[in-house]
Amino acid sequence: MAKRYRSAGEITFDVFNYLVLGIIGIAAILPFLFVVAGSFATEAEITKRAVFLVPTTISLDAYRFIFSTDTIVRSIGVSLYVTVIGTAVNLFFTVTMAYPMAKRYLMGRNLILNLVIFTMLFGGGMIPTYLVIRELHLLDTLNALILPGAISAFNLIIVKNFFQELPAEMEEAARIDGCTELGLLWRIVLPLSKPVLATFTLFYAVGHWNNFFSALLYINDPSKWPLQVMLRQIVMLSQSAAGDLSSMDPNFVQPPEQSIKMAVIVVGTLPIMCVYPFLQKHFAKGVMLGSVKG
Amino acid sequence: MKQGAALGAAEVSAGTSFRRSRREQRFRRLKRDKWLYILLSPGLLYFLVFKYVPMWGVLLAFKDYQPFLGFWQSSWVGLEHFRTFFQNPDFFMLLRNTLVLSLYNLVFFFPAPIILALLLNEIRLSFYKRTIQTLIYVPHFISMVIVASISYVFLTTQGGAVNEFLFTVTGRKIDFLANPDWFRPMIILQTIWKECGWGTIIFLAALAGVDVEQYEAAVVDGASRWRQTWHITLPAIRSTIVILLILRMGTILDNGFEQIYLMMNALNREVAEVFDTYVYALGITQGAFSYSTAVGLFKSVIGVVLVLGTNWLAKKSGESGLY
């Protein structure tokens, strides 16, 4: 920016702008910081003080309780399993489909592309999908949390577009050297696509960890509930004053105290917070890759 | 290929009929690309089984589905489920709740990322800008269950921080979670908190593409910062705004199942229940498969019409549109 005269109004605006954005930035993470603070506090302190960022006495009781409870520990296991296996399935399905679709000369390519795009516009909806899952005997299996979302059409198209942009000369050279189609994908295309794949790995993984909807629909057996469903059970349904105690809420956990609820919330978010710094580096680019050109 | 072989050698030697050579060429291409097709198959299978079979399953809406008879044996009932639905007083409640929530979203949430992006764009200190961005993206990655849980923990009248605070200041408590008046503001605030920062990404990218020379020229002409924003920045990102608006219109009847389902309870149901939660309640928990499929189908069809309609309108008014 070139140096120029700044009017009083402009300076006022700048000061105001920096302040407002600072407040917005803090507001974005503040609720979470309160929860973290509360999870380390004793129950007595939470009832004594309304909101605080630093507890006077650090207590690990809430976490001790969580990790001594079978139900919660098991649900963490379910979430981890679904996240790891689910993400691997996502990547396999997305890459194997995107690669052929990136070849302009492939017969039937446009038809397939249109079929994929159509699914973004119209879908069968909740009930027909549920019935398909039921007919496949996937209800109450962890596969129901993995297979029905194996490919996101949106991600598929982004990856396909990325593959399409890779320099064709490299592929030709590899082919002349006797590289097979699979070797090409494995040795040339995938290594060149590392940043994109990293972005989608993280997006898919976050999606699995946060998934609540599929589990609500397809999993009735509490021993197979992922953490997000367990979280709702503990935080929202234990205080059933205004309870919507619908079909799938067996009374298995006694109303826990505030600090325990907060600790469960922290555990439910922790993995996201751990990958966030790595995620952060990539995602803006990842999002732009697929976005409509402005 | 069988037919080709049967035609005999005479024709082949005569210089290959056009039909036959095309067929052969296709076969050769299939054979050459066989690995590509093999790679394609798991994905294709996925789309067929989990996307196209359910699409075909919407026919349930026109049947009287009996679980023991199955899809094929259940009898056709035509538009009966739709008729029942439109005559049901619930229909107006759902339509009202869905539209009001969407309207609130459009008015309060849609402009938020644009304004935020414009403010961020005015920040010259790149370190400060990046820090703010890092912070405001965070909530996007937090699950809806966590967002709802945090709301519960803070808003409950039984020791929730917000109510404890209200009590010490005003001596009263507000039952945000059960009071129907608070439902919509709560939903919109959650959405803004969670997605507003993330929504800036696309606008910031559009803003980064604006030609710097235009600003320089404007400054020479004596344009204030506000006029620069109004005459250069906003027109420059107009097409991005329009495209996102079209996308938004398509999902206007999707009010976010998870969020509403999580925040809904017996006391605020009259303002909370929307098409998706209704389909879930009737279909999955009560087993009224055909009826709830009809409700879902009604919703999707209106959704598709809205996308195509907005897109058509956008094109008419000189924007590029989506398709």
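Me: What share of the 294 residues of chain A counts as buried, and what makes a residue buried?
Reply: In this predicted model, 50% of the 294 residues of chain A are buried. The word applies under 20% relative accessible area, while exposed means over 50% and partly exposed lies in between, with a 1.4 Å probe and protein chains only. Local features need pLDDT of at least 70 and side-chain atom pairs pLDDT 80 or more, whereas totals for chains, interfaces and linings use all residues. Residues are numbered from 1 along each chain as its sequence is written, chains are lettered from A, and side-chain values use heavy atoms without hydrogens or water.

Me: How many helices and strands does chain A have?
Reply: Chain A has 13 helices and 0 strands. Both are DSSP runs numbered from the N terminus: a helix (H or I) has at least four residues and a strand (E) at least two.

Me: Why is the pair Lys103(A) and Glu171(A) called a salt bridge?
Reply: The term requires a side-chain nitrogen of Lys or Arg within 4 Å of a carboxyl oxygen of Asp or Glu. Between Lys103(A) and Glu171(A) the N to O distance is 2.7 Å, so the pair qualifies. Lys103(A) stands in the loop between helix H4 (70-101) and helix H5 (109-121) of chain A, and Glu171(A) in helix H8 (residues 168-176), 68 residues apart. Both Lys103(A) and Glu171(A) are buried.

Me: Which salt bridges does Glu122(B) form with Arg124(B) and Arg225(B)?
Reply: With Arg124(B), the closest N and O atoms are 3.9 Å apart; with Arg225(B), the N to O distance is 2.7 Å. Glu122(B) lies in the loop between helix H8 (111-121) and helix H9 (126-137) of chain B, and Arg225(B) in helix H14 (residues 225-236), 103 residues apart. Salt bridges with shared partners join Glu10(A), Asp14(A), Glu122(B), Arg124(B) and Arg225(B) into one network.
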